[in-house]
Amino acid sequence: MRRTVAALSATALCLVLAACGDDTAKDPAGSDEPKALTKAELIEQGDAICKASNDKMKAASAPLEAGDPTEAEAVAFITETLIPEVEGQAQDLRDLVPPAEDAAAIDAMLDALEAELAKVKADPAYAFSAEGGFVEANKLAVDYGFKECGEE
């Protein structure tokens, strides 16, 4: 169980995002719509967000990794920490405006993340299964160029 929690925690840590400054610069044409970020800006801001949340997840999972957690303790970590963090991550990433040419790739990554999250919410034990672990979302994040986000 300890190894499973550590692996799950490491996977989730790479995906969990939190707010990171005012990343929504207004369009210089005067529109209230946020302007699209460049790919480099999106990666930089997303990775900064991931880093902040990764640190939160790591701190929350440290007591579990230090011992041999029970299944109830692991499920509590999933429901009380992992799920809320991943939900925040998905929302925070959706709030960033990717370059138009990359919107489909970012949507696919976030759709994969949200689909996996729905499975974990329905059955927290799914996170410990061979199929669990945000594998597709991680792959899409790394393929796009994120370093902190999607790293296993």
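Gly46, Ser53, Lys56, Met57, Ala60, Ser61 and Leu64 in helix 2 meet Glu73, Phe77, Thr81, Leu82, Glu85 and Leu93 in helix 3, where contact means heavy atoms within 4.5 Å. By class, six nonpolar, four polar and three charged residues make up this contact. Here Ala, Val, Leu, Ile, Met, Phe, Trp, Tyr, Cys and Pro count as nonpolar, Asp, Glu, Lys and Arg as charged, and the others, Gly among them, as polar.

Keep in mind that this is a predicted model: local features need pLDDT of at least 70, side-chain atom pairs count only at pLDDT 80 or more, and totals for chains, interfaces and linings use all residues. Residues are numbered from 1 along each chain as its sequence is written, and side-chain values use heavy atoms, with hydrogens and water left out.

**How the helices sit**
- The protein chain has five helices and zero strands; these are DSSP runs numbered from the N terminus, with helices being H or I of at least four residues and strands E of at least two.
- The axes of helix 2 (residues 39–66) and helix 3 (residues 71–95) come within 11 Å and cross at roughly 175 degrees. Axes are lines fitted to C-alpha atoms, for helices over the stretch in contact, and angles run from 0 to 180 degrees between N-to-C directions.
- Helix 2 and helix 3 are therefore roughly antiparallel to each other, as angles over 145 degrees count as roughly antiparallel, under 35 as roughly parallel, 65 to 115 as roughly perpendicular and the rest as oblique.

- The chain averages a pLDDT of 81, and 78% of the residues score at least 70; pLDDT is the predictor's confidence in each residue, from 0 to 100.

**The loop between helix 3 and helix 4**
- Asp102 lies in this loop and is buried, with a relative accessible area of 13%. Buried means under 20%, exposed over 50%, and partly exposed in between (1.4 Å probe, protein chains only).
- Not counting residues up to four places away in sequence, Asp102 touches Lys39 and Tyr144.
- Asp102 is 64 residues from Thr38 in sequence, but their C-alpha atoms are 9.5 Å apart.
- Val97 lies in the loop too, and counts as partly exposed at 26% relative accessibility.
- Leaving aside neighbours within four places in sequence, Val97 is in contact with Pro34, Lys35, Ala36 and Leu37.

**Whole-chain numbers**
- Buried residues make up 41% of the 152 residues.
- Among contacts between residues at least 6 apart in sequence, 76% join residues at least 24 apart.
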